[in-house]
Amino acid sequence: MSYDTIVIGAGLAGLTAALRLAEQGQRVLIVARGVGATHLAPATVDVLGYMGTTRVVSPSASIPELLASAPTHPYAHVPADQIAAALTWFAARAGTLGYTGSIEENMLLPTALGVPKPSAFAPESMAGGDLRAGGRFVFVGIKGFKDFHPSLIADNLARAPLPAPVAARALEVEPPATRRTDLSGRVIAGRFDNGELVDWLVGALEPHIEADERIGLPAVLGLRNTHETWQQLETRLGRQVFEVATLPPSVAGIRLYEALNAQLRDAGARLVLGVNAVGARVNAGRLEALDVTNATGAVSYPTGSVVLASGGFASGGLELDSFGATRETVFGLPLMGVPATDHVRFAPGYFDDQPLAGAGVATDGLLRPVDAGGHPVYTNLHAAGAILGGATPWKEKSGTGISVASGYAAAAAILAPAQEPVTEAAR
C-alpha cells in the first residue's frame, strides 16, 4: 500500500504531524520502534520556561528575544501565529483531558521533585496546582507507591522562589488492601477506573484537610475516567484538587498518548510499532519509498512525503558512537551543532552547557532538512521534534512546545507545498 505521508516516530511531534495530516484526508502511516517520550514525561506543554536562568513569564513575549540570541532555534521556522494555532489545535484534540492555558502566560506547576515548572498548557486535572497566586497546599502520598514523595515536594516548595507565599505540607494515606503487592502508577490508575478508590480516598482525606487547602495528588487518577474521578473528588471534598506529575512512568503521559492515538484511529491513520526505518528509495531529490525492517524482514512503502520525528540521542534519532562520530540514524542527514572530533564534546559539570546539547538537523522555513549550503537534502522530507538542532529543551523547558509546534508546521508544509518558506533558510 502507498501512503500520502509516512511519519517516522510515535512521540508527541510525530503524533501531532500524523493527526494533522490524517484529519485533512491524507493516508498516513506512522512507523516507530516503540512509543515516544510521552510515557516518561508529564502531559504538560512547555513552550518556553527559561531564558538562561531567568524564569519566563510569557512565552509569546519572550520567543522573539530567544530567537535574537539563537537564530537557528526550531521556533525560528514556525511563525508566532502558527505556534499559537498549533497549541489551540492540540488542546482541542486532547479529548477529555481538557487542556487549559495560554501561550501568553505560563502557569507554575509543581513537579515530582517540588520544583515550580513553567508550563503554558496543562490538563485540567493538573491546572489547579498553579502556584502563582500562593496559598496553602497539602500533598498527599499513597503508602506503598514509590514514585511520589509528598514530603520532598512540600519541603522543596517551601524553599522555592515564588511570586506569592506558599505554605505546603505532606500527608500519607494507606490504600485498601489488595492481593497485588506492587503499587505502580498504572495499578492505582486501574483501581480508580474501576471505581474502587474514590470513596476510600474521600473518607481518608476529609478528617485531615483544612478548609483553605488545595489538595495535590499523584497523577494516577485513572487512565480512562480521569476527568470524572477528578470532578467527583473536587465535589465531594469541597476543595480544589489537582494532580502532580510523578516520576516515570507517567500515567498522565500515557493518557495523552492514548487520546491522540484514538484520534488517529478515527481519522484512518495506521500506526505500526516494533519496526525500524532504515533508508529510502530516492529519485531526483525526492523520497519515493521508505524502507522499514521488522523481525521478519524488510518492506518498502511508497510515499508522497516523509516526516522525520525520530527524536534525539535519547530516542535513537541521533547516535554518538565510541569513536566520537555523530550521525542521524535513518537518512544520514547533515547535522548542526556537532563539535569537531578534536574539540571537547562533554563539559565536566552535569548542568554545564554541553557542546552536543544543540545537535540535530538544520532546516529551512518548511522544516526540510538542509545541507551546509542551506539547500533541502530531499524536497519532500520534513523534520519535527527533538531531531531538530539549535535548542536545549531540558534547560529552556521547551521540548513539548517544540514538538507540537514543529509537528503542526511540518504537516502544514506538506498540505500546502506551493507556499514559500516563512523564514530564511537555516544558516
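**Helix packing and salt bridges: a short tour**

Helices α1 and α3 are roughly perpendicular to each other. That is my starting point today. One caution before the details: this is a predicted model.

So, the helix pair. Two packed helices are described by the angle between their axes and the distance between the axes. Here α1 covers residues 12-22 and α3 covers residues 80-93. The angle is about 85°, and the axes lie 12 Å apart. An angle of 65 to 115 degrees counts as roughly perpendicular, and therefore this pair gets that label.

Which residues of α1 and α3 meet? From α1 we have Leu12, Thr16, Leu19 and Arg20. From α3 we have Trp89, Phe90 and Arg93. By type, the residues of this contact divide into four nonpolar, one polar and two charged.

Next, Asp130. Look in the loop between α4, residues 124-127, and β9, residues 135-142. Is Asp130 buried or exposed? Buried, with a relative accessible area of 13%. The cut-off for buried is under 20%.

What does the Asp130 side chain reach? The backbone nitrogen of Leu108, at 3.0 Å. The Asp130 side chain also makes a polar contact with the side chain of Arg132, at 2.6 Å. That pair qualifies as a salt bridge too, with the closest N and O atoms 2.6 Å apart. Arg132 itself is partly exposed, at 28% relative accessible area.

Now set aside the neighbours within four places in sequence. Asp130 is then in contact with Met107, Leu108, Leu109, Phe137 and Arg214.

On to salt bridges in general. How many does the structure hold? There are 17. Let me pick out a few others.

Take Glu196 and Arg191. Their closest N and O atoms are 3.0 Å apart. Glu196 is partly exposed, at 40% relative accessibility. Arg191 is buried, with a relative accessible area of 9%.

Then Asp364 and Arg368. Their side chains meet in a salt bridge, 2.8 Å from N to O. Where do these two residues sit, buried or exposed? Both are buried.

Last, a network. Which residues are linked in it? Arg136, Arg169, Asp212 and Glu213, through salt bridges.

To recap: α1 and α3 pack at about 85°, Asp130 contacts both Leu108 and Arg132, and the structure holds 17 salt bridges. Over to you.

Key. Residues numbered from 1 in each chain as written. Predicted model: local features only at pLDDT ≥ 70, side-chain atom pairs only at ≥ 80, totals over all residues. Heavy atoms only, no water. Axes fitted to C-alpha atoms, helices over the stretch in contact; angles between N-to-C directions. Helix = DSSP H or I, 4+ residues; strand = E, 2+ residues; numbered from the N terminus. Parallel < 35°, antiparallel > 145°, perpendicular 65-115°, else oblique. Contact = heavy atoms within 4.5 Å. Nonpolar A, V, L, I, M, F, W, Y, C, P; charged D, E, K, R; others polar. Buried < 20%, exposed > 50% of the residue type's maximum accessible area, 1.4 Å probe, protein only. Polar contact = N/O pair within 3.5 Å; in protein donor to acceptor, adjacent residues only side chain to side chain. Salt bridge = Lys/Arg side-chain N within 4 Å of Asp/Glu carboxyl O.
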